[in-house]
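This report describes a single protein chain, moving from one residue to the overall fold and then to selected sites.

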Amino acid sequence: MAMAAHEIETMIKEALPDAQVQIEDLRGDGDHYAAMVVSEAFRGKTRVIQHQMVYSALKGKMGDELHALALQTSVPE
């Protein structure tokens with residue numbers, strides 16, 4: 001089962017309302033995406049914690065409906 005890019009973006013923005021989110025479908029199959037997420041909520045947190053915050057926003061869909069997500073996170077400049 002695949003996910004649409006807009007679903008991923010919506011879920012991330014629900015958890016991180018200030019987030020700037022860019023999603024790219026890497027294979028055109030709805031299963032392999034790259035995401036760039038920029039949020040003030042990441043400030044002072046390790047990269048691991050930042051990624052966990054994004055995965056948490058996906059509410060268990062990672063590994064089920066969403067097979068792969070190449071994730072980049074950062075704070076606003």
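## A buried residue and its surroundings

Ile12 counts as buried, at 0% relative accessibility. The model is a predicted one, and all values in this report are computed from it. Ile12 has its place in helix α1. Leaving out residues up to four places away in sequence, Ile12 touches Ala19, Val21, Val37, Val54, Ala57 and Leu58.

## Fold and overall dimensions

The protein chain has two helices and three strands. Read from the N terminus on, these elements run α-β-β-α-β. The radius of gyration is 12 Å, close to the 11 Å that the globule rule gives for 77 residues, so the chain is as compact as a globular protein of that length. Along its principal axes, the C-alpha trace spans about 35 × 20 × 20 Å.

Of the 77 residues, 34% count as buried. Among contacts between residues at least 6 apart in sequence, 56% join residues at least 24 apart. The chain exposes about 4,600 Å², of which carbon and sulfur atoms supply 51%.

## Selected residues compared by exposure

| Residue | Relative accessible area | Class |
|---|---|---|
| Ile12 | 0% | buried |
| Gln50 | 6% | buried |
| Asp31 | 22% | partly exposed |
| Lys59 | 59% | exposed |

Which residues are in contact with Gln50, leaving aside its neighbours within four places in sequence? They are Phe42, Lys45, Thr73 and Ser74. Gln50 itself lies in helix α2 (residues 47–57). With a relative accessible area of 6%, Gln50 falls under the 20% limit and is therefore buried.

Asp31 is found in the loop between β1 (20–25) and β2. Its relative accessible area of 22% lies between the limits of 20% and 50%, so Asp31 is classed as partly exposed.

Lys59 is placed in another loop, the one between α2 and β3. Its relative accessible area of 59% is over the 50% limit, and Lys59 is therefore exposed. Asp31 and Lys59 are 28 residues apart in sequence, and their C-alpha atoms are 16 Å apart in space.

Most residues other than glycine have a negative phi.

## Summary of the sites

Ile12 belongs to α1 and Gln50 to α2, and each of them is buried, Ile12 at 0% and Gln50 at 6%. Asp31 sits in the loop between β1 and β2, whereas Lys59 sits in the loop between α2 and β3.

Note on methods:
Residues are numbered from 1 along each chain as its sequence is written. This is a predicted model: local features need pLDDT of at least 70, side-chain atom pairs count only at pLDDT 80 or more; totals for chains, interfaces and linings use all residues. Side-chain values use heavy atoms; hydrogens and water are left out. Helices (H or I, at least four residues) and strands (E, at least two) are DSSP runs, numbered from the N terminus. The radius of gyration is taken over C-alpha atoms; the globule rule is 2.2 Å times the number of residues to the power 0.38. Buried means under 20% relative accessible area, exposed over 50%, partly exposed in between (1.4 Å probe, protein chains only). Contact means heavy atoms within 4.5 Å. Accessible areas come from the Shrake-Rupley method with a 1.4 Å probe; for residues, only the protein chains shown count as cover.
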